[in-house]
Amino acid sequence: MGFTTFGLAPQILEGVKAMGYTDPTPIQLRAIPTLLEGRDIIGSAQTGTGKTAAFALPILSRLGSHKPGLARVLILEPTRELAAQVEVAIRDYARYTDLRIVVMFGGVGYGAQKEAMLKGVDIIVATPGRLLDHMGQGIVKLEGIESLVLDEADRMLDMGFMPDVKRIVQHCPRKRQTALFSATIPPVIETLIQWCMHDPETIEIGARRSPAETVKHVVYPVAEAQKNELLIELLERVHYDSVIIFCRTKHGADRVATLLKNSNHAVAVLHSNRTQKEREQALSGFREGKFEVLVATDIAARGLDIASVSHVINYDVPLHAEDYVHRIGRTGRAENTGDAFTILVAEENKQLAAIERYIGKPIPREKLEGFNYTYSTVLDAPKPGATPNYGSTRAVRVHGGYHFSPAGGGRRRR
Ligand code: AMP
């Protein structure tokens, strides 16, 4: 079934066509008709499922054309990067309309955002803090909001935005449409749903916790002292289009970036100590292919839509199992497939076991053929009576080479 049967506005359909989308994704099939009817939805779909279009297309369709006066749609996002990305997507879908959109987030001047508001906008995409600043200054008024989208609600909760989100919701009219997206629904979000939604339809696409099925997961156990060597070797051997390497700390990310730069890789770095301008340059350079490798902390992990990330490498095992799913969500987006490699040292075994419990399956351990290195000793077989430990050396399999080529790897020519 194509997009034409939904009853979307013709100029929105044109926008979809221009994007090259032929068939709706499962979440779009479920969400578009419900939102077009004006009903509320709770969407618990993974990233990469097409959820932005799932809410944007029907909401834009209902808006029709530009109306002077107050903004009619508000989309809240947890991070600046996500806000910027959703704004770009909405501009794409709305390109054949005269709808006006503004994006508001911190770290940049107020001028352009104020100016846009004064001219009049239909759609606001914002992070909660900056939106409240503008509301405090009387620049933004929410009395005209007809549709409210709370995107990545669990992430907003993690980042401590829940009080801000509640204050914002309180300023919106009670009679409105609300769409909430969240990978998980912890009790606080459940309470928020009870409080701010009206008879919502719940749309769950795939198992909530399972990472994208198209991603091949591999763990490489190694001694701490050889982590860097292994990373360099992996990059040498893998045929990749683009790689995101995740590090636990900002300093770690900077160190890895320097290491890779010294090995002649084109590297960009993304973490919260960098200025807004640096972050934007890193992201756009990576999207355009100027940088082949992006080294990032978890702020970049959620929701960022970077087309054709072929590989994700976890330089450190993430502390929270959920972050693993979000990190590897960067690859295997839409129809792409990808590989997710995790470098494991002994101290991280517990974290990895937690991840395996969370995703409900063991991740195979592998060893790079011909690369001489040591496993950490903790990876020995579990003691009798102990709970099975997926980190057992018995699980280690010497690599057959499905994503390695004997001719050597490196970046594939585009
Ligand atoms: P999202 O889950 O919203 O971040 O979307 C993930 C990616 O899928 C984005 O690059 C979208 O442009 C793309 N996408 C969304 N809907 C479709 C569709 N129906 N067909 C093909 N690609 C899509």
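User: In which loop is Asn264 found?

Analyst: This is a predicted model, in which local features need pLDDT of at least 70, side-chain atom pairs count only at pLDDT 80 or more, and totals for chains, interfaces and linings use all residues. Residues are numbered from 1 along each chain as its sequence is written, and side-chain values use heavy atoms, with hydrogens and water left out. Helices (H or I, at least four residues) and strands (E, at least two) are DSSP runs numbered from the N terminus. Asn264 lies in the loop between helix H11 (250-262) and strand E11 (267-270).

User: What is the phi of Asn264, and is Asn264 buried or exposed?

Analyst: Most residues other than glycine have a negative phi. Asn264, however, has a positive phi near 65 degrees. Buried means under 20% relative accessible area, exposed over 50%, and partly exposed in between (1.4 Å probe, protein chains only). Asn264 is exposed, because its relative accessible area is 72%.

User: Which phi does Asp199 have, and where is Asp199 found?

Analyst: Asp199 is not a glycine, yet its phi is positive, at about 45 degrees. Asp199 belongs to the loop between helix H9 (187-196) and strand E7 (201-204).

User: Where is Thr97 found, and is Thr97 buried or exposed?

Analyst: The loop between helix H4 (80-93) and strand E3 (101-104) holds Thr97. Thr97 is buried, because its relative accessible area is 17%.

User: Which residues is Thr97 in contact with, leaving aside neighbours within four places in sequence?

Analyst: Contact means heavy atoms within 4.5 Å. With those neighbours set aside, Thr97 is in contact with Gln11, Ile12 and Gly64.
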